[in-house]
Every structure is written in structure tokens, then in C-alpha cells.
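Here are a few friendly notes to read alongside the structure.

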Amino acid sequence: MEYQSGVVSPIKSIEQGWQIIKNDYWMYVLMILVFSVIIIVGSLILGVINQAITGVIGGVLGMATTNSGDVAQASAIIIPQIIAQIVSFFTSIILTTLAGVLVCGLYKSLSRVSSGGRADFADLFSGFEHIQACFIYAVVISIINFIIGVVYLVAAVAVGAGALVGGLSGIMTRDGQINPAVFGGLALIILAFAGISIIVQLIISSLTAFVYPLIAERNLSGGQAFLLSIKSGLSNLVGLILLLILMFLMILGGVFACFIGVLFVAPIIMGSMYAAFQSVFGRIGGNQQYNPPPPPNFGQQPGY
């Protein structure tokens, strides 16, 4: 599938996104409200399941190791936490799949609205026909996030251990005051980790920005949409990162408006990302030209 490079304009995408959704703005506000409720309820249910599984296993191990040695009792504490992380990984896949299905429904609606149609509340659930593709992508992105999380954890532990070994004794001065040089160094390390995390997240979000519209509108599989989104994202990386930053500022403004403002900027954000998608991949049929067959040349036939 062909795509354009370097064509994502953040301001233009937001303007075009508003033009797409403005006639059905309140319908999208309603759909995103229901979307948010579904995701919150789903998160709570999966969280309760996770806690229940961890609690049962922890209770059983605790009873079994009551009269055991220190190693067994320590294992009874650590094993439930490990199991909790494993369960969280699978519940994350379930929640990401559910969210992806609903997002696909929103993109299918935006596709029709951008072609002159109108939004309908039932559009929100129209993405369930792509549940297999959304599940595949959920597995892939959950594995990637898990690996990144492990790398962060290992790096943090290594840096923390180094700080404890090399600088713990120097944190406090002889008169009992905090050493500003050592404390400032630790603060810089924390800020560096935060900055790296933000940059990595921006890049990942940019490279995967078109996964769901490719699934919803172009009917690609999860793997195909993921790979094509990465390729097109790399070709439009700067524009997508700037667009994501503007979207973040819009969300931040909504948060400052007693959080309720997020609900009102969310439709514009969805429309803006879909407009960016159209600028890269074009509209369906938009890049196709119909060339009618040439008229018959009767002069070359017998009798003319």
C-alpha cells in the first residue's frame, strides 16, 4: 500500500480534523463518553480479578509456609507478586483489545463522515468485526511495552545500586546536612530517565499512530497494520511527534478544566489523527483514477 512521506502538518491536521467532526461533534462526545465508561469498568473488573487471584495464591502459600523456614516464607511473598505481574500482562492484552475494537469503530465512523455521511452511535461497536486484528496488535504492543518496562527496571536498579555503593556515604555532610552536589546528581539522573521515557513513548506512539485506522478503514490484519504504520510513521516522524505534542497540550488543557474538558477535546484529537492518516494514505479511492475505454474507431472496420 502506497503512502506519502513528510506530509503530516500538525496545525493543518487539527483544522481538518475539526472540519471532519464538527457537524457530528456532540455525537462523538457521547461515543467517547461511553467508550471511557466501558474502559474504566473493564479496568476495574480486571483489576479485581487480578487482586483475587493474587490474594488466593498468597493466602494458600502463606498457610502452607507458616511453620517453614525463612526462604519458604520469603518465596510465599515474592511468588504472588510475580504471578500478579503475569496476570496483569494478560489482562492488559484483554483491555488493549477491547479499547482497540472501540477505537476502530470510531475510525470507521470518521471514514464515513469524511465522505459525506453522518455519525451514528452504533458506529462505536462496529469495530468488533476487527477483533482478531486488534487482539494480534494488542499482543505485539503489550510484549513491546513489557520489554521496555524490564529494560527501564534493570537500568533503574543498576543506577540505584551504583548510587548506593558509590555515593550513599556522601549524601550527608559531616554536619548532618544533605550534600547538594550528590542530591542534585541523583535528581538529574531521575530527570534523565523521565526525559528518555517521554521520548521513547513519543516515538512509539508516532510509529503506531496509524495501526487502528489501517485496520478499520483498509481492513488490514494486526501484523500488516503494525508494520505499515511503522514504515509510514518513520517517513512522517517529525510531523507526527509535533502533532502528538499539540494533542497532549490539548488534553492537558482539558485536565485543567476539572478533567471534564478532556471529554470535549477528545473528538477533535480523534479527528486530527484521522486527518493526518488521510494526508499520508489518501482517501479511499482518492488516489484512483478512472480511465474510460477509448471510443470505437468505426473508420477502420469494413464498410466504413
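1. Let's begin with Tyr274, which counts as buried at 1% relative accessibility; buried means under 20% relative accessible area, exposed over 50% and partly exposed in between, with a 1.4 Å probe and protein chains only. Please keep in mind that this is a predicted model, in which local features need pLDDT of at least 70 and side-chain atom pairs count only at pLDDT 80 or more, while totals for chains, interfaces and linings use all residues. Residues are numbered from 1 along each chain as its sequence is written, and side-chain values use heavy atoms, leaving out hydrogens and water.

2. Tyr274 and Phe277 form a tilted aromatic pair, 5.8 Å centre to centre with 35° between the planes. Rings of Phe, Tyr and Trp (its six-membered ring) pair if their centres lie within 6.5 Å; planes under 30 degrees apart count as stacked, over 60 as edge-to-face and the rest as tilted. These two residues are three apart in helix H9, so about one helical turn separates them. Helices here are DSSP runs (H or I, at least four residues), numbered from the N terminus.

3. The whole structure has 14 aromatic pairs. Another of them joins Tyr107 and Tyr274, also tilted, at 6.2 Å centre to centre and 35° between the planes. Because Tyr107 lies in helix H3 (residues 70-114) and Tyr274 in helix H9, this pair ties together parts that are 167 residues apart in sequence. Tyr107 is buried too, with a relative accessible area of 5%. Which residues form one aromatic cluster? They are Tyr3, Tyr107, Phe210, Tyr274, Phe277 and Phe281.

4. Now for H9 itself: residues 261-281 make up this helix of 21 residues, which reaches 31 Å from its first C-alpha to its last, close to the expected 30 Å (1.5 Å times one less than its number of residues). Since 18 of its 21 residues are buried, H9 is largely enclosed by the rest of the structure. Gly282 follows H9 and has a positive phi, near 75°.

5. Finally, have a look at the largest pocket, with about 1,100 Å³ of space. A pocket is an open set of points on a 1 Å grid over the protein atoms alone, where a 1.4 Å probe fits, with protein on both sides within 12 Å along at least five of seven lines; lining residues have an atom within 4 Å of a point. Of its 31 lining residues, those closest to the centre are Ser205, Leu244, Met247, Ile251 and Ile269. H3 and H9 are among the elements giving two or more residues to this lining.

Conventions. Grid points are joined across faces, edges and corners, and a volume is the space filled by probe spheres set on the points.
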